[in-house]
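Student: Hey, can you walk me through this one? I'm new to reading structures.
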Amino acid sequence: MDGARILELVQARFGRAVVETHARHGDHTAVVDRAALPEVLRHCRDEPGLAFDVLMDLTAVDYLKYPGREDGPRFEVVYHLYSIAENHRLRLKVRVDEDDAVVPTAVGLWPIANWLEREVWDMFGVRFDGHPDLRRLLMYEEFSGHPLRKDYPVSRRQPLIGPRI
Amino acid sequence: MAETTTRREIMLGEGSGTGTGQSLTVGVGPAHPAMHGIIRILADLEGEVIRKADVEIGYLHRAFEKDCEVGGWNNAIPYTDRLNYVSPLINNFAYASAVEKLLGIEVTERCRYVRTIMAEISRLCDHLTCVGAASMELGAFTVFLYMIKAREYLWELVEDVTGARLTISYGRVGGVRADLPDGFADKMRRAFKDVREVLAEVHRLLTGNRIFIDRMVGVGVLSRAETIGYGITGPLLRAAGVGYDVRRAQPHWAYDRVEFEVPTQTAGDNYARYLVRMAEMEQSMRIAEQALATIPGGPVNVDFEGRPIDPAAYVDQGKQGRTEGLLLVPITLSPNLQGQNRRVYERVNAPDKRVLLPSKETAYGSIEGLMNHFMLIMEGFGIRPPAGEAYFATEGANGELGFYVVSDGGDRPYRVRCRPPCLMPMAALHRMIEGEMIADLIPTFGSVNMIGGELDR
Amino acid sequence: MGVGSFFTSKLDEAIGWARKYSIFQYPFVTACCGMEYMATACSHYDVDRFGAGLPRFSPRQADVLFVVGTISHKMAPVLKRVYDQMTEPKWVVAFGVCTCTGGFYDNYATVQGIDTIIPVDVYIPGCPPRPESVIDGLMKLQDKIAAQTQRF
């Protein structure tokens, strides 16, 4: 299905929950409201024409230092969806504030969301509501802070053993 | 998993579950003898059967995504080498293509072919290492030695083109570092002949081998639905019956101009994955040969007309400002790495001044070239893609390797995300090994081809 | 001092000779350097002709700890534990620049050189080091083993 058509269908079905869409560089993207996210994801997966059976990637971006968006919602959680049968892609994004960084989980829809959401929690500190086991994936539990946030300095080490250099 | 098979009953006595009821937790790793990298699998055993497994990763987290934000766009290339370090060329080119998508530039035709050839050679190296290491863990040490020998032939080839064996930093945003060298076609033909001999030997040793079949068939099965649900792509998905290959589905570089098959199996077990990888190696060689035969610009045949000039004298002249006519003079430098023959350089690099460093003759021989070089190298300048985001995916050796890049209009990446193809099978590993015996963990883990650099980034 | 020290020094040399040509390595392989380690150990560059071809995958049975590849802070306690479990005489080879100094990974996750945690005998820089460098480092280690006072 043509990407523009996918965006049309999603917008027609969810109306104002779809905050904005774009298709820059050929990647069809829709920004949705957090409250509508579980429904949108389920619709994308189960609707026969869309059939997004693969959650290719789930990640986040910290817009703290982005020129022009320093005052807006800090985190954007990005979902890359793909359909094997239809061979089309969609990118969905959700914006959350720093003090309310919670997003509903997608674990019930795609089992891979378990680890991908753990990684987002580990690196950015965005919680996933309903996740069965939200703990760090790549860093050790004693690590404090969320390293991929823009305000975490790249070489601040927290050694478990050895000198503090 | 709930029913014990006859084979299990024989091996476990009266069937599992009739023991004392105590379970043993075995921690496999993180310092693991299998040369795969560092993973920790906490396996709760009941007798020999794994009842529950918890996989812990992150022991090789090297902050790839954070480090990419520190320097310029091309600075990330050496970091991408070390993602999937057995097939580094694919990572380079995928990242470069993602940034090119963001910039909206097209690479030259010849560059597409060069990228295809080098990516397929890299894929060969990866599959050789995977099958070799997996067989070694089953006790087939000879196969490992043969496959590493084959990989050495390919690494000699890669070294000829890029200058290094493993961490090659060959891709650039807008092209590649340098063109294929003289005599590459012959060397590649010879290397592939040797690799085909090795593959034939390995087929004779392994494919019909009773012990190998017993250990791999029916082990580590993951159903088609679960494979898709876990986002698994690549050889594991194709071994489960789904013929999804990014090279076919979204053709890029030169993949739509060559003919190749996408091998699939249906069993979804370790043996199927082995067969898929062996078949893919043959297809990779086929793609590289076709691409080399039809590469535009002909074979790299640099012929110098006019008088050759000593490179040191050329640079001196340029520095002294005596640049009249300097751009017209050809230099006899090695066309591969030591300087460029401008024609050759321009064949594989996009004609975009905002992105590509000028060839050495231009940089040393003219003021415009020098300024162009300066504007790309100095801090605060450099490649500046417009603000926005782009996702580019290619078929890595383990599956769909995607790069999601976000730019804020500056000279440093704002966010670089690598979609690691081997994270998905590792997330599903506990499903593959629960219900299997502890010894079955080894071939399953080997056939997943976990590469630590890519998994933990 | 006398005839006694002649015999002990000859014995030292003999034991040194035996120890240097029977290296049982523990390859603590983490990352990309592991690929060059495999290449060095296999047929093309063959480290077995130096007597170092048999890796022992238990620290109790090994004498040289080859730390191959980047050590992250999550892995550091494991490395220390493995080193502590090895019995004397033991040597450590830092293989690859990530183990020597942290390499170009100056970030929150990487140990800036394993010599901050365990004592190192031979440093083999390179990213990854060519097999010829590895063999050079191994030969330096052999010289070191042969030259030291042997305790037994």
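Predicted model: local features only at pLDDT ≥ 70, side-chain atom pairs only at ≥ 80, totals over all residues.

Student: Okay. Which strand of chain A is mostly covered?

Tutor: That's β4 of chain A, residues 75-83, with 8 of its 9 residues buried. Strands here are DSSP runs (E, at least two residues), numbered from the N terminus, and helices are H or I runs of at least four. Buried means 20 or more other C-beta atoms lie within 10 Å of the residue's own, with C-beta atoms placed from the backbone.

Student: What does β4(A) pair with over 8 bridges?

Tutor: With β3 (54-62) of chain A, in the antiparallel sense. Strands count as paired if DSSP finds at least two bridges between them. For example, A:V61 has A:E76 in β4(A) as its bridge partner.

Student: And how many bridges join it to β5(A)?

Tutor: 9 bridges join β4(A) to β5 (88-96) of chain A, and these two run antiparallel. There, A:V77 is partnered with A:V94. β4(A) and β5(A) form a hairpin with 4 residues between them, and A:N87 in the turn has a positive phi of about 55 degrees.

Student: Switching to chain B: what's the strand order in its open sheet of 3 strands?

Tutor: The order is β1-β2-β3, with antiparallel pairing. β1 (24-28) and β3 (49-56) of chain B are at the edges with a single partner strand each, so one side of each has no neighbour in the sheet. β1(B) is joined to β2 (40-46) of chain B by 5 bridges, and B:V28 sits opposite B:I41 in β2(B).

Student: How many residues of chain B are in contact with chain C?

Tutor: 25 residues of chain B, against 27 residues of chain C. Contact means C-beta atoms, placed from the backbone, within 7 Å. On chain B's side, α6(B) gives the largest share, 4 residues.

Student: Last one: which residues touch the most other members of the largest nonpolar core?

Tutor: C:V67 and C:V93, out of 233 residues. Such a core is a set of buried Ala, Val, Leu, Ile, Met, Phe, Trp, Tyr and Cys residues joined through C-beta atoms within 7 Å. Helix α5 (109-137) of chain B gives the most to this core, 15 residues.

Note on methods: Residues numbered from 1 in each chain as written. Chains lettered and ligands numbered in written order. Buried ≥ 20, exposed ≤ 12 C-beta atoms within 10 Å, placed from the backbone. Contact = placed C-beta atoms within 7 Å.
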